[in-house]
Amino acid sequence: MSTKVKSPLRKSKVSFNQDAINGPFIMLLMPFLILFLTFTIIPIGYSVVMSFFDYDVVNTPTFSGLSNYMKMFINDYEFPIAVGNTLKFALVTGPISFALAFLLAWMINEFGPKTRSLLSFLFYSPALVGNGYFIWQIMFSGDSYGYVNSLLLSMGIITDAIQWFRDPNYAFTIVMIVQLWMSMGISFLANIAGLNNVDEAMYEAGAIDGIRNRWAELWYITIPSMKSILLFSAVMQVQATFSISSVATTLTGFPSVNHSTETILTHITDVGTIRFDMGYASALSVFLFAMMMIVRLGLGRLLISKD
Amino acid sequence: MRRFGMVLCALALLCQMLVFPVAAEPVADTATDTVGTIAADSATSESGNYEQYVQNNPGESASAVVEVNAATAVQKDATVTVKDNGLLFSNQTGKATWNVEIPATGWYAVAFTYSGVEGGSSDMELGLEIDGKYPYSEAERFVLPRIWVDDGDTRQDSNGNQFAPEQKEDYSIQKKPLRDVNGFVSDDLCVYLTAGSHTVTLNSFGEAIMLYSIHFDVPQVILSLEDQLKKWEAEGVTYYDGDELVVEGEGTADPAINPNDIVSKTDRSVIGQSDNSNPGVIPSNAYIRQLNFIGGANWSMTDEAITWKVVAPKAGIYKVGFHFRQNYLVNATSYRSLKVNGVHQYKEQAALAFYYKNNWQFNDKLLTGGETVLVYLKEGENTVTLTVTLGEMDAFSAKMENITLRLGDMYREIIAIIGETPDANRRYELFKRIPDLEERMTQLHAEMEAMIEERSDAKGNIDDIAALLQKMNVVLEKMLKKQYQAQNYKSNYYDCYSSLSAQLQEMKNMALDLDCMVFAAPEKEYVRTTSNFGKKFVFGVERFIASFMLDYNTAAGVGGENATPLTIWVNWSRDQTLVLNSLINGHFSAENPDVSVTVRMTNASLLQGIMSNNAPDCSLSDSRTTPVNLAMRGALVDLSKFEDYDEVSKWFVKGADAPYRYNGGVYGLPSTQQFYMMFYRTDIFEQYGLVDENGVAKPPKTWDEFIEYASILMLNNMEVGLPYTELTDIGQVNGGVASLNIFPTLLLQEGLSLYNDKDNPTGTSFAEVDTMRVFQEWTDYYTKYNLPKTYSFFNRFRIGLVPMAIQAYGQYSALSAAAPEIKGRWEMAEIPGTPVVDENGTPVLDANGNQVINNNQAGFGSACMILEQSENPEAAWRLLKWWMRADTQRRYALDIESILGVAGRYSSANVEATTGLDWGKSASDILLSQWNKVEEIEEIPGGYYVSRAVDQAFWNVLTMSENPKDMMKKWGEVADVEIQTKINQYKDDRKEDKE
C-alpha cells in the first residue's frame with residue numbers, strides 16, 4: 001500500500017563508525033533494557049534453567065536432568081487435563097472474543113462520536129473493573145438464595161439449589177462465559193483505534209471501483225488495512241485465554257472439582273506455591289511459554305501471510 | 001449440550017433481571033442481606049410494656065424516699081451471699097427478695113447502688129420483680145454498667161505513635177437508675193407503689209455484682225430551658241464571662257496545663273482514637289499517630305456513657321460548643337443526653353442532636369429547635385456526662401422493632417406452610433391455615449400506615465424509613481388482595497422485611513466522634529473551632545511530605561546498643577500491630593532489657609523471606625500446615641530442644657501441638673486454636689417440642705438425635721447446618737482439613753484416623769472399609785437428608801431459618817455482639833457425638849447406666865515458630881514464651897476487643913487466656929469442656945492433598961452422584977501418591993542430616 005521511502009539516515013549510515021553510533025543508542029535504551037532484562041529475560045532464562053533442577057525453595061537445588069519433563073508427560077495425571085482445558089479455552093474463548101472484539105468495534109465505530117464513546121466505555125467496563133467477576137460469584141452462588149438459583153427455583157425450573165461452581169457439569173461453561181464477558185479489553189480498544197485510522201480515501205476509491213455493500217467493504221478494505229492491529233488483538237486474546245487462572249480459581253475453587261477448570265497456569269500455581277516444587281513448576285512454565293510461542297507464530301503466519 | 005443449554009437459560013434469565021431491575025415481581029433474595037430482628041415469641045411476654053404501665057397507673061409522684069439495704073434480703077439463693085454490708089451475686093444465676101415498707105402511694109424512681117466485682121467484664125444483667133411479678137417488660141432484663149477507666153498513660157511505640165492506655169475496671173460504688181436496655185424509653189424508669197408492704201425481687205443472669213442498696217426516690221422534676229433560665233435568674237445566677245474551657249474528648253495530654261480530663265466510661269472499648277485528616281482535631285500531627293478524639297463506632301449503643309470532669313473557675317451559665325464528626329448516620333441524627341453533675345438541668349438536655357456532615361464540624365446549637373446548649377457549672381470540679389440515647393427516635397424505634405418482630409413471626413409461619421420454594425400455581429390456602437393471618441396483616445398494615453404518616457412532612461414527602469415501610473405495605477396489600485397467590489410474594493416480603501430490620505439496627509446505632517467540648521462565656525466568640533480551608537491545605541501538604549519520610553510498616557524496638565536484635569513479621573492490620581508493639585515495649589522489653597524487638601508489618605510469606613535469606617527470627621501467626629512444610633525442609637528450629645518446652649506445652653490443651661510435630665521434633669507452638677460448637681435457637685426448639693422433661697430446649701447429644709431434630713425442623717421448612725467451607729484459595733488448603741468440614745471429627749469419634757498408620761503415617765486411610773463407611777455417612781447428610789451445602793449462618797440463624805447449626809466457636813462472640821435482638825433465645829452446646837461400642841457392637845454404659853458418647857473433635861488453628869536462619873534462637877524462644885503466656889495473650893485479646901469490639905474476639909490457643917475472657921460462666925464451662933475433647937490431627941508431608949482429596953470426593957458424590965466408596969478409593973489413591981512422593985523425597989534428606 002504505502003511505498004517505502006529510503007530514510008536519509010539509513011543512506012548515510014555507512015559513512016559513520018558503527019560502534020560510535022551504537023554506543024549512545026544503547027545508553028539511551030539502557031533504562032528500558034535494564035528493566036526488561038531483570039524482570040523479563042532473566043526470569044525466563046532462569047526458569048528454563050530451573051526446569052532441569054529439583055528445587056524445594058529452601059534447600060539448594062539439585063540437578064535432575066530431564067526428570068521434571070518426564071514427570072510432566074508420564075507421571076502427572078493433572079497435566080493432560082490442564083493442557084486440555086487450556087486448549088479448550090483458547091480454541092473457544094479466544095476466537096469468539098477476538099471476533100466479538102472486532103465486530104463490536106466495527107459496529108460501534110458506525111455511531112456518532114458521543115454514542116461511540118459511551119458504547120465503547122460500556123463494553124470496555126468489564127475490563128476496567130478488574131476483579132469485577134466477583135459479581136458472578138454472587139449471581140451463581142450455590143445458596144438457594146443466590147440470584148440464579150433463587151430465580152430458577154421460583155420459576156420451578158429446578159427443585160434444588162445447583163452448586164454452579166462446584167458441579168463439574170457447569171463450572172467450565174460458566175468460567176468460559178465470565179472470560180468472554182471480561183475479554184473486551186485492550187484488543188477492543190485497539191480495534192476501535194485501528195478502525196479510525198483506516199484511510200477514508202480508500203473507501204471512496206472502493207466505492208468507485210465497484211464495492212456495493214458494507215460486507216464487501218469490510219472484507220476488502222477494512223480488514224486488510226487493519227492487519228497489524230488485528231494481529232496485536234489476536235495475540236492479546238490468546239495471551240488472555242492462556243493465562244486464565246484467577247478467574248477460574250476464585251469462582252470454581254482451588255482445585256476445582258475433578259480439575260474441571262484447571263488450566264496450565266493454575267497447575268503451575270499449585271505446584272509452585274502449595275507443593276513447593278519449583279523445579280517442576282518451572283518446567284510447566286517453559287511448556288506454557290513454548291505453547292504460547294507456537295500459537296503466536298501460527299497466528300502471525302495466518303494473518304500476515306495473505307499479504 | 002443440555003448443560004450448556006441450562007447455563008444459557010440461566011444467563012438469559014439473568015440478563016432479563018439485570019435489564020429490568022425495577023420490575024416489581026420476584027426479585028431474588030441475596031444471601032448477603034443483613035437481616036435483623038425476629039424471634040418466635042416476641043419480647044413482650046405476659047407483662048405489658050412501660051407505656052401501658054404508665055397509662056394503667058395514673059397517679060402522683062411519691063413524696064417520700066425509701067432506701068433498702070441489700071443485706072436485709074429475706075430470701076436468697078445459695079449463689080447470693082451477704083458480704084461487707086451488701087449482697088454479692090456470684091457469676092451464676094441467682095435471686096434475692098426483700099420486704100419493703102412503702103409509706104405513701106405514688107410513683108417512685110428506682111435506682112441501685114452497686115459496684116462491679118472482679119472476674120467477668122460484661123455488664124451486670126438483672127431482672128426486677130415487684131410482688132412476685134415483673135411490673136413491665138422493660139424490668140425483665142436491665143443492665144447495670146461496669147465502669148472503666150484508663151489504666152496508666154497513653155502508650156507509645158518507639159516512633160512516637162500513640163495508642164490508648166489499657167483499660168481497667170473501676171470497682172468504686174455507683175448509683176444508677178433503672179433504665180430500658182433497648183433505649184426505647186429515654187427517661188429513667190419508675191414504678192407505681194401503693195402504701196404498705198411489698199416484696200421486691202432481683203434476678204441475676206449470671207454476671208457477678210455487689211449490690212449495696214435499692215432506692216425508691218422521688219422522681220425528679222425537670223423544667224424546660226425557658227423556665228430553668230428564669231429560675232436561675234431568680235436565684236441570681238450570672239452568665240460566665242471568663243476565658244473558655246476546653247475538654248478534650250480523649251482526655252487531656254497534660255493535666256498541669258488542662259485539668260479537664262476524661263473520668264470514666266461504661267464500656268472498655270470507648271477509647272481515645274486518632275484521626276489524621278483534619279488539623280482542627282487537636283492534637284494534630286502529620287507525622288505520627290496521636291490520640292485526638294473519642295467515640296467512633298464503639299460509642300453507639302444505648303446508654304453507653306462517657307464522663308469528663310470540668311474545673312470551672314467561676315460558677316455561672318456557660319454555653320457549650322462541640323467539635324464532632326457524625327458521618328455514620330447519613331442525613332440523620334445521632335443523639336446524646338447531657339448530664340451535668342449527674343442530672344439533666346433542663347428537659348432539652350435529654351437529647352442533643354448531632355446532625356450528619358461528612359467532615360468535622362463545630363456546633364453549639366444542638367438543642368431541639370436549634371437553641372444553643374447552655375449549662376450551669378458550679379465553681380470547682382463538675383462532671384459532665386454524655387450518654388447515647390435514641391432521643392426523639394425512641395418511641396418510633398420501639399414501634400419499628402415491634403413491627404419487625406411481628407413481620408418476622410409471620411414470615412416464619414408462612415414459610416412453615418409454603419416452604420422455601422413455593423409452587424406458584426398451588427393453592428396453599430394460607431389464609432385458612434393461619435386463621436388470624438388476614439386480621440394480623442390488616443392490623444400491621446394500618447399501623448405502618450400511621451408510622452408513614454408520622455414520618456412525612458406537610459407536603460407529604462417521606463423519608464427513607466417511611467419509604468421502606470411503604471414498600472412493605474405494598475407487599476402486604478398485594479398478599480391481602482390476591483390471597484390465593486400470596487405465596488408468590490414470599491421473596492418480596494422477605495426483601496422488604498430484611499431491609500426494614502437492617503434499618504432498625506442502623507437506627508439504633510448512634511455512633512459519634514467527639515474531639516472536644518468547649519465551655520465558653522455566652523457573650524463571647526469561641527476561640528477553638530474547626531479548621532478552615534487554608535489550614536487544612538497546609539496540613540495536607542505536610543502529610544504528603546510526611547508520607548515520604550515515614551516507614552509505616554516497621555515498629556522499631558526500644559533496646560540499647562548492645563541488645564540482641566530480633567525481628568518478627570506479622571501480616572496483621574496496623575491497629576493490631578500497634579497493640580503488639582505496645583505490648584512488647586511495655587512488657588517484654590521490661591522483662592528482657594537485653595533484647596530489642598522490631599515488628600514488621602508485611603504481606604510477604606515466610607517462604608519469600610527464606611528464599612531471599614532475609615527471614616525474620618520468628619513468626620507469630622502462620623497457617624497450620626506451615627510448620628511441617630518448612631520443618632521437613634529444615635527451615636525451622638526444633639522447639640522441643642528447649643529444656644522448658646514441656647512446661648510451655650501445658651498452657652495448651654493436651655495434644656494441641658500434634659500438627660506441629662514432625663519426625664520427633666516440635667516446630668511450632670499453637671497460637672490460635674478453633675473448634676466447632678453447636679448453636680441452637682431455644683425458642684424454636686421449644687415451639688417444636690425439642691425439649692427435655694422440664695420443657696427446656698435440649699440440644700441433640702448424638703448424630704442420630706441430630707438427624708431426628710433435623711427432620712422435625714425440616715418438616716417445618718427450616719434447615720439445619722453443618723460446617724462446610726469450599727476450597728477456593730491457597731490459604732484454605734493450608735488451614736488443614738478440620739477447618740473445612742466435620743469429616744475428620746466424625747472419624748475421630750469412631751476412633752478412626754485420616755491416615756493409614758497412627759504412629760508413622762505413610763498415606764491416607766481412605767481405602768479402609770471403616771473410613772469409607774464414615775465418609776458415606778457424612779455425605780448422606782447432604783445427599784439423603786439434603787442439608788444445605790452453602791448458607792449464610794449468621795443471617796439465617798438470626799431469622800430462625802436455620803435454628804440449629806454447627807459452627808466454629810468464634811460465632812458465639814459474633815452472635816452475642818451483633819445479634820442483640822435474639823439475646824436469650826439461643827444457646828451454645830457441645831457438638832453431637834457417636835455412642836461408644838465395644839468389640840461386640842454393644843453400647844458401652846457409664847456408672848449411671850447412661851450411654852457413653854464420644855464427641856471428640858478435630859481442631860484447627862495457627863502456629864508461631866522460630867526460623868532456622870535466626871541468629872538468636874534463644875532470645876526468639878523467650879519472645880515466643882512471653883507471647884503465648886496467659887497474661888500476654890489475655891492483654892492482647894482485650895486490647896483487640898477494645899478496637900474491634902466483642903465480635904472480633906481473638907481465639908488464643910492459651911486455655912487460661914481464652915477462658916478468662918468474658919464469656920459468662922456457663923458458656924465458658926461449655927467451651928472448656930468441648931475444648932478438652934479436641935484431638936488435633938497430625939500434619940504430614942503432602943498433607944494438603946488430604947484436604948483436597950476429601951473435597952474432590954465430596955463433590956463428586958454430591959454433584960455427579962458417584963458412589964462414595966469408589967470416590968474415596970480413587971481420590972485416596974491420588975493423595976497417597978503425593979504423600980509418598982514427599983515422604984520419600986525428604987526421607988533422604990533426613991538420612992543425610994543424621995550422618
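## A partly exposed salt bridge in chain B

Glu750(B) has a relative accessibility of 28%, so this residue counts as partly exposed. Keep in mind as you look at it that the model is predicted. The side chain of Glu750(B) meets that of Arg773(B) in a salt bridge, with 3.0 Å from N to O. Glu750(B) sits in the loop between α17 (743–749) and α18 (769–783) of chain B, while Arg773(B) belongs to helix α18, so the pair ties together parts that are 23 residues apart in sequence. Arg773(B) is likewise partly exposed, because its relative accessibility is 32%.

Over all chains, the structure holds 50 salt bridges.

## Where the two chains meet

Let us turn to the interface. Chain B brings 56 residues to the contact and chain A brings 51. About 4900 Å² of area is buried between the two chains, and carbon and sulfur atoms give 64% of that. There are also 12 residue pairs in polar contact across the interface, counting pairs with both residues at pLDDT 80 or more. On the chain B side, the elements that give two or more residues are α1 (2–19), α11 (606–611), α16 (730–733), α25 (944–960) and α26 (964–994). Of these, α1(B) gives the most, with 11 residues. By residue type, the side of chain B that touches chain A divides into 32 nonpolar, 11 polar and 13 charged.

## Charged pairs across the interface

How many salt bridges are there between chain B and chain A? The count is four. One of them joins Arg948(B) to Asp270(A), with the closest N and O atoms 2.6 Å apart. Both residues are part of a network of salt bridges that links Glu78(A), Asp270(A), Arg275(A), Arg948(B) and Glu978(B).

Arg633(B) and Asp56(A) also form a salt bridge, their closest N and O atoms being 3.5 Å apart. Arg633(B) lies in the loop between α12 (626–631) and α13 (645–649) of chain B, and Asp56(A) in the loop between β1 (53–54) and β2 (62–63) of chain A, so this pair joins two chains. Arg633(B) counts as buried because its relative accessibility is 2%; Asp56(A) is buried too, with a relative accessible area of 6%.

## Asp167(A) and helix α7

Asp167(A) is found in the loop between α7 and α8 (168–182) of chain A. Its relative accessibility is 7%, so Asp167(A) counts as buried. Beyond its neighbours within four places in sequence, Asp167(A) is in contact with Thr959(B) and Met960(B).

Helix α7(A), residues 147–154, is mostly covered, with six of its eight residues buried. Among them are Val148(A), Asn149(A) and Leu151(A). After the helix comes Gly156(A), which has a positive phi, near 80°.

## Aromatic pairs

The whole structure contains 65 aromatic pairs over all chains. Trp136(A) and Phe140(A) make a stacked pair, 6.2 Å centre to centre with 5° between the planes, and both are buried. Trp703(B) and Phe706(B) are instead edge-to-face, at 5.4 Å and 70°. These two residues lie in helix α15 (residues 703–715) of chain B, three residues apart, about one turn of the helix, and both are buried.

Chain B also has an aromatic cluster, whose members include Tyr724(B), Phe743(B), Trp778(B) and Trp955(B).

Terms used. Residues are numbered from 1 along each chain as its sequence is written. Chains are lettered from A and ligands numbered from 1 in the order in which they are written. Side-chain values use heavy atoms; hydrogens and water are left out. Buried means under 20% relative accessible area, exposed over 50%, partly exposed in between (1.4 Å probe, protein chains only). Helices (H or I, at least four residues) and strands (E, at least two) are DSSP runs, numbered from the N terminus. Contact means heavy atoms within 4.5 Å. Buried area is the accessible area (1.4 Å probe) that two parts lose on being put together, summed over both. A polar contact is a pair of N or O atoms within 3.5 Å; within protein, one must be able to donate a hydrogen and the other to accept it, and residues adjacent in sequence count only if both atoms are side-chain atoms. Ala, Val, Leu, Ile, Met, Phe, Trp, Tyr, Cys and Pro count as nonpolar, Asp, Glu, Lys and Arg as charged, and the others, Gly among them, as polar. Rings of Phe, Tyr and Trp (its six-membered ring) pair if their centres lie within 6.5 Å; planes under 30 degrees apart count as stacked, over 60 as edge-to-face and the rest as tilted.
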